[in-house]
Every structure is written in structure tokens, then in C-alpha cells.
Amino acid sequence: MESQPFFSIDDQPISLAKAIGYLRSTGDFQSFVLKIIRQHLLETELQTREDLEIDSTIIEQAVIDFRLENQLNDSDRFQEWLNAKGINYADFRYQIAAGLKIEKLKAEVTAPKLEEYFNANKALLDQVVLSRIVVADRNFALNLKSQILADNSRFEPLAREHSLTDDRLVNGIMEPVSLGQIPDQIQGYVATAKPGELIGPLEIEGRYALLRVEQILPVSLDGSLKGELQNQLFEQWLQEKAQKMTIKMHIE
């Protein structure tokens, strides 16, 4: 393997064995191999499944859409882009067609499990809107909590005056977040709270937070969430297929 140059740097040949050695030394070798296995699985599926073929008119429209979306409608600019990517038009068109086939395969593979997967994970996918007051001292947080419990309308002015986070400028209100993205140490409290309920103080990274649940936003199986779940199921499917393969490394 050492005698076969993989590529060269400043006219110095780099063999495949040396390149792999570099990947091992940086800890990137395993991810490199996994990417190759993943691509091999996809290419095998695309080449052996006639039912995944895409009509040429759909491919051409996808090419046009890509060029418009990326401001590559001008032929000279498009050619410069191809050159920068190190590909020609045939390579580009193949990539577009392959992407469409993969999406078709993904839809087919995930369709039987998608709704069940969504329902099983819905509790963690639902979004919540929280407001918070974050301070450095627990006793001070308890004092603020007492004021809010006595008069709920005090939350916003106290957040503006005392909270240490940037969202104090908007009365402590935070962007919607899915329950599954909330840190484990507070997730349980938020999951069982009702809108308007005050939680805490909870210690988070050395500070103390008072949280108020403003709104619970149930999600539905559509849009970007559907695509995200399809991607998760598709990756699981690829991993399961990879685990059934016989993979041998022919390098030392």
C-alpha cells in the first residue's frame, strides 16, 4: 500500500496508508470508515432498486430549482461554482438525481414506522414557552419567589430588574423549546407543570433559576418535524443494515 500514492502535497506523495495513519492520529479514522460504509449502502440501494428511478423531467426541474435558490442561474457563474467544487455538470446532475432517489427511499423506509415513532416520542417533542429569572444567590431567588407568589404580576418587573440573562430585556421570556431539549435536571419539573405555574429555584450551572411555564405547544407530524423524524428513522435503518454486513479491514 505504501507504494501507491493517494495524492501529493508540494510534490510529496502521500500514500493511502499514510493518509489513514493521519486519520488515526487525529481520531477521525472511525468516522471516515463509517461515512464510506454509509455511502456504500446508499449507492447499492440506488443502483439495485429500479423502483427508485426518477423521471428526467423531475430531475431537470430540481436542477433549475437548485440553481435559482443558490443564485447560479448565470452560466458562467454556475461553471465557476462547478469548478470550485471539483465536479462537472454530469457529476452535479448525478448528485441531484441521487438526492431525489434517497428522499424517495427514505419516505418508503420510514413510512411504516413514522407515526408510531412520533407517538412514542411526542411527550418530548411538544414545545414549551418558559419565562425565567436567573440570579446568583439561592436565598435571593427564594425572596423573589415569595414576591411573585404574593403577586404574579411582579414576575416581569423582577425579571427585568434582577435576572442575569439577556432575556431579562423581554421580561425573561424564552424562545419555544421542545421538552426533550431541556436539561435533565429541570426537565421533570417542567414536564409536570401547568401553564402559569412557578418552578424553582433550581440550581443550574452555579446559578438559581425561577421558571414559569407560559404555554405548552403540542406538535403535529408535519413540516420540519416530520423531516427530522424521517432522518432519525432512516439513519437507524442504515445502521441496522450495516450491522448485518461483513466488513473487513485490509490494512495494518
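Good morning. A residue is called buried when its relative accessible area is under 20%. With that term in hand, I turn to our structure, which is a predicted model.

I begin with strand E5, residues 198-204. This strand is mostly covered, since five of its seven residues are buried. E5 pairs with strand E6, residues 207-217, in the antiparallel sense over five bridges. Two of the facing pairs may be named: Ile199 stands opposite Leu211, and Leu198 has Arg212 as its bridge partner. Two residues separate the strands of this hairpin, where Glu205 takes a positive phi near 55 degrees.

Both strands belong to an open sheet of four strands, in the order E4-E3-E6-E5, with antiparallel pairing. Strand E4, residues 177-178, and E5 stand at the edges with a single partner strand each, so one side of each has no neighbour in the sheet.

Which strands does helix H8 lie across? Helix H8, residues 184-192, lies across E3, E5 and E6, and runs at about 175 degrees to E5. Helix H7, residues 155-162, also lies across E3, E5 and E6, at about 55 degrees to E3.

Let me now consider charged contacts. Side chains of opposite charge can pair when their charged atoms come close. The whole structure holds twelve salt bridges, and I shall present three of them.

Arg212 forms a salt bridge with Glu156, with the closest N and O atoms 2.6 Å apart. Because Arg212 lies in strand E6 and Glu156 in helix H7, the pair ties together parts that are 56 residues apart in sequence. Arg212 is buried at 5% relative accessible area, whereas Glu156 is partly exposed at 23%.

In the next example, Lys241 meets Glu45, the closest N and O atoms being 3.5 Å apart.

The remaining example joins Glu60 and Arg93, at 2.7 Å from N to O. Glu60 belongs to helix H3, residues 56-69, and Arg93 to helix H5, residues 89-125; they are 33 residues apart.

Phe6, Phe7, Ile9 and Leu16 make a nonpolar patch of about 360 Å². Strand E1, residues 5-9, supplies the largest share of this patch, three residues. Phe7 is found in E1 and is partly exposed, with a relative accessible area of 41%. Thank you.

Note on methods
Residues numbered from 1 in each chain as written. Predicted model: local features only at pLDDT ≥ 70, side-chain atom pairs only at ≥ 80, totals over all residues. Heavy atoms only, no water. Patch = residues over 30% accessible without salt bridge, like charges linked within 9 Å, V, L, I, M, F, W, Y side chains within 5 Å. Areas by Shrake-Rupley, 256 points an atom, 1.4 Å probe, with all protein chains shown as cover. Salt bridge = Lys/Arg side-chain N within 4 Å of Asp/Glu carboxyl O. Buried < 20%, exposed > 50% of the residue type's maximum accessible area, 1.4 Å probe, protein only. Pairing = 2+ DSSP bridges. Contact = heavy atoms within 4.5 Å. Axes fitted to C-alpha atoms, helices over the stretch in contact; angles between N-to-C directions.
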